[in-house]
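This briefing covers a pocket, the aromatic side chains and a few individual residues, grouped by topic. Please read it with the sequence and the model in view.

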Amino acid sequence: MRFIRNKKADSHATLRPYTAADEEAAIALWLRTWQQTYPDIDFVARLGWWRDRWRNDLVTQAQITVAESDGVLTGFVTVDPKTHYLDQIVVAPEAWGAGIAEELMAAARRLSPAGLDLQVNQDNARAIRFYEKQGFVTTGEDRNASQRLTYRMKWRPA
């Protein structure tokens, strides 16, 4: 697998629907990104759980859009249009700030134009700022599968 260099000056990524051929790159990207976000958590130990969840829950229920830059997977977003749930938005750490997250969020809104709901870890200030800039509002608190405190957030069109 190749990784891209920092491309902050070039915010364009090609978006397309996920295919089964993207599985390994998407799972590897999830691992790298979450490990960068939470270096104190052993995500390698969670990889089997994540692979099962990816295959059995997300791929079967969500619509997934991937972002590519120079033929390399640089991000993805998963949305269940029936429930409006945005489960994952992941961007390669070396592409943070390059506009790919905004492009993926626009794709998520196209997949679920009636609105989006999500949970975000309360200690993930970077993600919370991003969602707030994207028009999401906090609607409550919860806990995720790891028992971390989360905010429930939602976006609805104006």
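**Pocket and aromatic groups**

In this predicted model, the largest pocket holds about 1,100 Å³ of space. Of the 43 residues that line the largest pocket, W34, I89, N124, A127 and Y131 are the closest to its centre. The structure also holds ten aromatic pairs, and W34 belongs to one that is stacked, its partner being Y38.

**Lining of the largest pocket**

- Two or more residues of the lining come from each of the helices α1 (23-37), α2 (47-61), α3 (100-111) and α4 (125-133), and likewise from each of the strands β4 (85-91) and β5 (116-121).
- Among these elements, β4 gives the most to the lining of the largest pocket, with seven residues.
- By residue class, the lining of the largest pocket divides into 22 nonpolar, 13 polar and eight charged residues.

**Aromatic rings**

- A pair of aromatic rings is described by the distance of the centres and the angle of the planes.
- For the stacked pair of W34 and Y38, the distance is 5.9 Å centre to centre, and the angle between the planes is 5 degrees.

**Arginines over rings**

- The charged end of R148 sits over the ring of Y38, at 4.4 Å from its centre, so that Y38, which is stacked with W34, also has a charge over its ring because the cut-off for such an arrangement is within 6 Å of the ring centre and within 35 degrees of the ring normal.
- R109 lies over the face of W155, and the distance from the ring centre is 4.5 Å.

**Two buried loop residues**

- Q134 is found in the loop between α4 and β6 (137-143), and with a relative accessible area of 15% Q134 is buried.
- When residues up to four places away in sequence are not counted, Q134 touches E102, M105, R109 and W155, and two of these contacts, R109 and W155, are the residues in which the arginine lies over the ring face.
- W96 has its place in the loop between β4 and α3, and at 18% relative accessibility W96 counts as buried, since the limit is under 20%.
- W96 and T33 are 63 residues apart in sequence, while their C-alpha atoms are 10 Å apart in space.

How values were computed. Residues numbered from 1 in each chain as written. Predicted model: local features only at pLDDT ≥ 70, side-chain atom pairs only at ≥ 80, totals over all residues. Heavy atoms only, no water. 1 Å grid on protein atoms, 1.4 Å probe; cavity = no way out; pocket = protein on both sides within 12 Å on 5 of 7 lines; lining within 4 Å. Points joined across faces, edges and corners; volume = space filled by probe spheres on them. Helix = DSSP H or I, 4+ residues; strand = E, 2+ residues; numbered from the N terminus. Nonpolar A, V, L, I, M, F, W, Y, C, P; charged D, E, K, R; others polar. Phe/Tyr/Trp six-rings, centres within 6.5 Å; stacked < 30°, edge-to-face > 60°. Buried < 20%, exposed > 50% of the residue type's maximum accessible area, 1.4 Å probe, protein only. Contact = heavy atoms within 4.5 Å.
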